Amino acid sequence: MLSTPHLLVGATIVKLMPDHPEIALPLAFLSHFVLDSIPHWDGSPQAPFSKKTAVGVVADYSLGVALVYLSTNGLPNQYLIWLGAFLATLPDFILGTYKHFIKYLEKYPVVAIPNRFHMSIQRNVTFWPGLAISATTSIICLLILIS
């Protein structure tokens, strides 16, 4: 799934559980795997990355960050919301590093096993249906975050 819905779902989980970060933050991280198991479109970028792909990935992440900022600015536990948003995207950073940059990590089961699981649950679909799922997820989260 695109980064924007991952960021928004992580932030939403923490906002909904402000008194229980010990539960909300791990749930934000785990939400990544739930979202990736839903049919989605993420472009499936492959290294070496073209400029167009790199710009798209940065634009997507930037949009998510901007939406989290705009929808949570001033909340008392904003630092935890930011942490939840980041944790919800962390599996992609780990996978991307493992898959595209540091192949020797595959010899460490603590990295290799979760990454194999992460790759096995991907449910990619074509652009329009996948984008609709990402947009719907993002809108629902935004409505919760601004309420």
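Student: How many helices and how many strands does the chain have?
Tutor: The chain has six helices and zero strands, where helices (H or I, at least four residues) and strands (E, at least two) are DSSP runs numbered from the N terminus. Read from the N terminus, the order of elements is α-α-α-α-α-α. This is a predicted model, in which local features need pLDDT of at least 70 and side-chain atom pairs count only at pLDDT 80 or more, whereas totals for chains, interfaces and linings use all residues. Residues are numbered from 1 along each chain as its sequence is written, and side-chain values use heavy atoms, with hydrogens and water left out.

Student: What makes the radius of gyration agree or disagree with that of a compact globule?
Tutor: The radius is taken over C-alpha atoms, and the globule rule is 2.2 Å times the number of residues to the power 0.38. For 147 residues a compact globule would come out near 15 Å, and because the chain has 15 Å, the two agree. The C-alpha trace spans about 40 × 35 × 25 Å along its principal axes. Among contacts (heavy atoms within 4.5 Å) between residues at least 6 apart in sequence, 80% join residues at least 24 apart.

Student: Why is glycine 84 called buried?
Tutor: Buried means under 20% relative accessible area, exposed means over 50%, and partly exposed lies in between, with a 1.4 Å probe and protein chains only. Glycine 84 has 0% relative accessibility, and therefore counts as buried. This residue lies in helix H4 and, apart from residues up to four places away in sequence, touches Gly10, Ala11, Val14, Leu25 and Ala28. Over the chain, buried residues make up 37% of the 147 residues.

Student: Why does serine 71 count as buried?
Tutor: The value for serine 71 is 10% relative accessibility, so the label buried applies. Serine 71 sits in helix H3, residues 51-72, and, leaving aside neighbours within four places in sequence, is in contact with Leu142, Leu145 and Ile146.

Student: Which residues touch the most other members of the largest nonpolar core, and what makes a set of residues such a core?
Tutor: A nonpolar core is a set of buried Ala, Val, Leu, Ile, Met, Phe, Trp, Tyr and Cys residues joined through side-chain atoms within 4.5 Å. The largest one has 17 residues, of which Ala11, Val14 and Val68 touch the most other members. Helix H1 (3-16), H2, helix H4 (78-101) and helix H6 (127-146) each supply at least two of its residues, and H1 gives the most, with six. A second, separate core of five residues includes Leu95, Tyr98, Val111 and Ala112. In soluble globular proteins, nonpolar side chains tend to be buried together.

Student: What does alanine 11 touch?
Tutor: Not counting residues up to four places away in sequence, alanine 11 touches Val68, Ile81, Gly84, Ala85 and Leu145.

Student: Why is isoleucine 23 called partly exposed?
Tutor: Its relative accessibility is 39%, and therefore isoleucine 23 falls in the partly exposed class. Isoleucine 23 belongs to helix H2, residues 21-37.

Student: Why is tyrosine 108 called partly exposed?
Tutor: For tyrosine 108 the relative accessible area is 40%, and this residue is therefore partly exposed. Tyrosine 108 is located in the loop between H4 and helix H5 (109-120).
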